[in-house]
Amino acid sequence: FTDLAGNSGVAVDNTTDGSRFTFDNTAPVLGNITLVSTNAKDNLSYAKAGDNITLAFTSNEAIQAPSVALAGSTVTATDTSGGSKTSWKAVYPVVAGDTGNVAFSINPQDKAGNSGSQVTEAIVDNRMAIDNSVPDLSSITLKSSNSDSTLAKASETVTLEFTVSESIVDPVVRVNGVAAELDGAGTFWQATYTVPEQRVKV
């Protein structure tokens, strides 16, 4: 560059205050997406009141704190990468009254404002449901192998059958105070008890 008199200035290739900027036209990409709960029975499939549902994910570059739709609520994700803003988690505490399948969506945006593709629950391998309903028993019957099913003597079998309003696992059944032999799955179960030699009332 020259002034009006023709004097050439010294070429400059830096700012005096050290300021910089970077051209960024690349959209962020999310990965390592996991959906888990604190449910004691099955933390990949279910959550109930008192459990937390956690959605965790990473990004291939620093992104702005994303607003995440999780289980029908808007949750702000928190940075778990020590400030590098490339690892995030969003937590939703399940409350009474919540129900249904857990959906989520994440809309990432990097620091330059480039928006990445929306990510939803379709990308994870597991599907999670919120279940706050209490299982109910019905059709409960008690019979014996005696010709009179209302009576039982030593060595005969007493059978307790029942159905449940929803699938359950590992019910504990006691007949006459003794753990019964259990058979069944889902919503129908059968427990059997062999009458001991001494006379007992069932």
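How many nonpolar, polar and charged residues are there, by class, in the lining of the largest pocket? The model on screen is predicted, so local features are given only where pLDDT is at least 70 and side-chain atom pairs only at pLDDT 80 or more, while totals for chains, interfaces and linings use all residues. Residues are numbered from 1 along each chain as its sequence is written, and side-chain values use heavy atoms, with hydrogens and water left out.

**Stop 1: the whole chain**

Colour by secondary structure, and the chain shows 16 strands and zero helices, where strands (E, at least two residues) and helices (H or I, at least four) are DSSP runs numbered from the N terminus.

Next, colour by accessibility: buried residues make up 29% of the 202 residues in the chain, with buried meaning under 20% relative accessible area, exposed over 50% and partly exposed in between (1.4 Å probe, protein chains only). The chain exposes about 12900 Å², of which carbon and sulfur atoms supply 51%, as found by the Shrake-Rupley method with a 1.4 Å probe, where for residues only the protein chains shown count as cover. Among contacts with a separation of 6 or more, 57% join residues 24 or more positions apart, a contact being heavy atoms within 4.5 Å.

**Stop 2: the largest pocket**

Now select Lys 41, Tyr 46, Asp 131, Glu 166 and Ser 167, which lie nearest the centre of the largest pocket among its 14 lining residues. On a 1 Å grid over the protein atoms alone, a pocket is an open set of points where a 1.4 Å probe fits, with protein on both sides within 12 Å along at least five of seven lines, and lining residues have an atom within 4 Å of a point. About 530 Å³ of space lies in this pocket, a volume being the space filled by probe spheres set on the points, which are joined across faces, edges and corners.

The lining has five nonpolar, four polar and five charged residues; Ala, Val, Leu, Ile, Met, Phe, Trp, Tyr, Cys and Pro count as nonpolar, Asp, Glu, Lys and Arg as charged, and the others, Gly among them, as polar. Strands β2 (46-47) and β13 (157-168) each supply at least two lining residues, and β13 gives the largest share, three residues.

**Stop 3: two positive phi angles**

Select Asn 32 in strand β1 (residues 30-37), where phi is near 50°, a positive value in a residue other than glycine. Asn 32 counts as exposed because its relative accessibility is 62%. Move on to Asp 170, in the loop between β13 and β14 (174-175), which also is not a glycine and has a positive phi of about 50°; at 61% relative accessibility, Asp 170 counts as exposed.

**Stop 4**

Select Asn 52 in strand β3 (residues 52-59), which at 30% relative accessibility counts as partly exposed. Leaving out residues up to four places away in sequence, Asn 52 touches Val 36, Ser 37, Thr 38, Val 91, Tyr 92 and Pro 93. Its C-alpha atom is separated by 6.5 Å from that of Val 91, 39 residues away along the chain.

Lys 111, in the loop between β9 (104-106) and β10 (119-120), is exposed, with a relative accessible area of 67%. Beyond four places in sequence, Lys 111 touches Ala 62 and Gln 64, and C-alpha to C-alpha it is 5.5 Å from Ile 63, 48 residues apart in sequence.

End at Arg 174 in strand β14, exposed at 56% relative accessibility. Apart from neighbours within four places in sequence, Arg 174 is in contact with Ala 179 and Ala 180, while Lys 89, 85 residues apart in sequence, is 44 Å from Arg 174, C-alpha to C-alpha.
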